[in-house]
Amino acid sequence: MRIHKICLSAAILAAVLMAGGCGGKAAGTAGTTASAETAEVAGTTAGVPDHSETPGAQSTSAAPGAQSTSAAPGGQNTSAAPGGQVASENETVSPKNVVEAGMVPVYGTEIKDGVYPIKVDSSSSMFRITSCQLMVKDGVMSAVMATSGTGYLKLFMGTGEEAAQASEADCIPYVETADGAYTYAVPVEALDMGIDCSAFSKKKEKWYDRELVFRADSLPAEAFADGKIATAESLKLEDGVYTCEVRLDGGSGRAAVESPATLRVENKNVTATIVWGSANYDYMKVDGEKYGLATTEGNSTFEIPVTGFDWRMPVIADTIAMSQPHEIEYTLTFDSATLKPVD
């Protein structure tokens, strides 16, 4: 009798898993040996950057086309995903898209071969990427990313509806690291572009739609192919003072800087004077270097280096407008086509 019960349980489990798409198998096994790339992300706990001016605000956002959230009985929020799956009541979804204004897709041919740590934004608070290694070889990009939890057995690079119809070979199983983290080796079509990624829930046995953005602005300037980022040298800028249109992205979208900005070129080094739309910032950071206020009069003003033109240059600005100082991540894009010398 016990043998018959075991066989019956196994049959039921197999039938349930088959309904999950991608062959329905529970992808990945505990104790699987991680690859060399996976080992590099093991044990990393750094979270996805928060781009909101409000401390503790979620950095997640709803994928394009996702249905708006509604209150379920008891005040729990649910969200219907494409294909009819229902997201967890604990999931946080923001009304804005993961792809930020000003983002332009960056393809593998625009990045030098190598392995780089990269930040990844996710549309779901339940699917947070804590660390990621980007691999670039001959114009083809892939990544090994670690998630904050262990609730997903496998991934599919597409929608949940497509995943339910896909074969097992098209699914990406998890690989468990020595410290118990789940990692997934995924192809990356482009950076700064929304990429569909569905995750199969271990608990719910359903596919959930996600959107990921691999952030080009988290790569060092030297990672980009020659000519991708314009410099004073490549632009043949002579020493002197210039003006240049500058675009600010990131944060909550409410902050602003004066444009055009004033630039000073000296020995192929470029320094920009950045004037914010308020007096609420007390320092900025570029490449980890801290820069204090250039003047104590008027709106917050800083003199910072320009690491390149025509790319989203990452910067940090510390705001004192809240109850406690708070560092916020932004990008500045200096448009080389608008450079004008000042007589």
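Start with threonine 243, which stands opposite lysine 340 in strand S22. A quick word on terms: strands (E, at least two residues) and helices (H or I, at least four residues) are DSSP runs, numbered from the N terminus. Two strands count as paired if DSSP finds at least two bridges between them.

This is a predicted model, so local features need pLDDT of at least 70 and side-chain atom pairs count only at pLDDT 80 or more, while totals for chains, interfaces and linings use all residues. Residues are numbered from 1 along each chain as its sequence is written, and side-chain values use heavy atoms, leaving out hydrogens and water.

## The sheet around it

Zoom out and you'll find an open sheet of five strands, in the order S19-S16-S15-S13-S22, with antiparallel pairing. Its edge strands are S19 (301-305) and S22 (340-341), each of which pairs on one side only. What holds strands of a sheet together? They pair through backbone hydrogen bonds, either parallel or antiparallel.

## Salt bridges

Now for the charged side chains. A salt bridge here is a side-chain nitrogen of Lys or Arg within 4 Å of a carboxyl oxygen of Asp or Glu, and by this rule the count comes to twelve. One of them joins glutamate 100 and arginine 312, at 3.1 Å from N to O. Glutamate 100 sits in the loop between strands S2 (77-78) and S3 (114-117), and arginine 312 in the loop between S19 and S20 (313-319), so this pair ties together parts that are 212 residues apart in sequence.

Aspartate 121 and arginine 215 form another salt bridge, at 2.8 Å from N to O. Aspartate 121 belongs to strand S4 (residues 120-122), whereas arginine 215 is in the loop between S12 (207-214) and S13, so the parts tied together are 94 residues apart in sequence. Arginine 312 turns up again, meeting aspartate 217 at 3.6 Å from N to O.

Glutamate 100 and arginine 312 are both buried, and so are aspartate 121 and arginine 215. Arginine 312 has a relative accessible area of 7%, and aspartate 217, at 8%, counts as buried too.

Notes
Buried < 20%, exposed > 50% of the residue type's maximum accessible area, 1.4 Å probe, protein only.
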